[in-house]
Amino acid sequence: MRLGKHDTRKVAAQFGLGIRLWKGGKIQFAQGIPVSVASKKKGKVGRKPVQINLEALRNIDLKDRMTIEDVAKHLGCCVSTVQKYLKQGLIRRHSNSIKPFLTDANKKARLQFCVDMLDPDSLPDDPRFQDLFDHIYIDEKWFFLTRRSENYYLLPDEDEPNRTCKSKNYIPRIMFLCVSARPRFCNGICTFDGKIGIFPLVTFERAQRSSVNRPAGIMVVKPTSITRDVIRHFMIDKVLPAIRTKWPRGDIGKPIYIQQDNAPSHIEVDDPIFSQAASQGGFDIRLKCQPPNLPDFNIFDLGFFRAIQSIQYKKAAKIIEDRIPHVEEVLQLCLQ
């Protein structure tokens with residue numbers, strides 16, 4: 001059987017060989033000697049690599065090496081050379097985010113806060129952190145009606161969606177007060193899920209005038225200016241009743257600490273009105289503040305809010321009233 005016209009090229013390409021190596025192998029095979037397709041060129045072949053002193057990169061100002069083009073310009077080489085070094089790991093790409101400046105007082109407060117979290121009964125031989133079953137975390141978060149830019153996957157002939165807003169810089173939003181504690185388990189069974197609640201910081205009023213969106217007299221959502229009096233009202237009328245309803249019955253009477261951040265709108269830890277309301281019903285509920293400029297001491301700032309936000313954006317909402325049940329539903333989902 002004879003080979004076809006292009007069979008030699010196909011087989012050579014399949015094994016990664018050139019036609020000349022294929023012909024040389026045929027000659028060796030016909031002479032009865034072992035076939036060798038090794039390169040007969042001596043030494044290193046090809047274009048010699050350009051030697052670049054990468055240590056010079058240390059002396060270049062950071063603002064002058066923010067792009068590959070800038071790096072290539074200051075090193076005196078082409079962009080492809082920098083890309084090759086980047087691929088080889090000789091240069092690395094770093095994404096830098098700004099961080100809050102911590103003063104010496106902030107650092108001392110952070111260290112003292114961590115020391116206070118140690119269980120006194122475990123000191124000094126076997127130091128352990130407290131179980132924090134008596135801590136409740138609260139924080140506020142803005143949730144927007146939609147994002148400025150979203151990605152969709154469409155068919156080639158499908159119409160592109162048209163999303164409109166009065167101003168891209170002032171997308172309708174609503175603030176929620178989230179309250180959560182550490183869940184508890186007994187023999188693998190959840191006895192307390194830690195879900196205290198999530199409360200929209202809004203008021204409901206009747207519309208005074210008709211519009212294209214709703215008639216006059218219907219209940220509408222009005223965002224509330226966040227002040228100390230407003231936070232105190234929500235803490236006493238919303239948060240405290242939810243804690244009394246959902247807190248484990250066996251821990252009633254034991255101290256319960258509500259940890260908040262140091263926002264100016266938050267009430268003082270010794271607020272007399274809140275303290276009087278917090279001591280009712282046999283409960284001993286106290287306020288405490290986390291160290292200033294340290295959001296990573298709150299479970300909501302450690303990524304919980306981002307999880308809620310990323311999921312609630314997947315639920316379509318045309319008006320701000322529709323966003324309230326979406327956020328409440330997502331909170332229950334994320335705390336499961």
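Where in the chain is the place of Pro-124? Pro-124 sits in the loop between helix H5 (104-116) and strand S1, where helices (H or I, at least four residues) and strands (E, at least two) are DSSP runs numbered from the N terminus. This is a predicted model, in which local features need pLDDT of at least 70 and side-chain atom pairs count only at pLDDT 80 or more, while totals for chains, interfaces and linings use all residues. Residues are numbered from 1 along each chain as its sequence is written, and side-chain values use heavy atoms, with hydrogens and water left out.

**Loops and backbone**

- Most residues other than glycine have a negative phi, and most peptide bonds are trans.
- Leu-123 and Pro-124 are joined by a cis peptide bond, with omega about 0°.
- Leu-132 lies in the loop between H5 and S1, and its phi is near 60°, a positive value in a residue other than glycine.
- With a relative accessible area of 22%, Leu-132 is partly exposed (buried is under 20%, exposed over 50%, partly exposed in between, with a 1.4 Å probe and protein chains only).
- Asn-187, in the loop between strand S3 (184-186) and strand S4 (189-192), also has a positive phi, near 55°.
- Asn-187 counts as exposed, at 78% relative accessibility.

**Helix H6**

- The 19 residues of H6 (residues 228-246) should span 27 Å at 1.5 Å a residue, and the end C-alpha atoms are 25 Å apart, which agrees; the expected span is 1.5 Å times one less than the number of residues.
- H6 bends by about 35° at Met-235, the bend being the angle between axes fitted to the seven residues ending there and the seven starting there.
- Buried residues of H6 include Val-230, Phe-234, Met-235 and Ile-243.

**Nonpolar cores**

- The largest nonpolar core has 29 residues, and Ile-136, Met-235, Ile-258 and Phe-274 have the most contacts inside it; such a core is a set of buried Ala, Val, Leu, Ile, Met, Phe, Trp, Tyr and Cys residues joined through side-chain atoms within 4.5 Å.
- Elements giving two or more residues to this core include S1 (135-144), H6, strand S8 (255-260) and helix H7 (272-278).
- H6 supplies the largest share of this core, 9 residues.
- Not counting residues up to four places away in sequence, Ile-258 touches several residues, among them Ile-136, Met-235, Phe-274 and Leu-287 (contact means heavy atoms within 4.5 Å).
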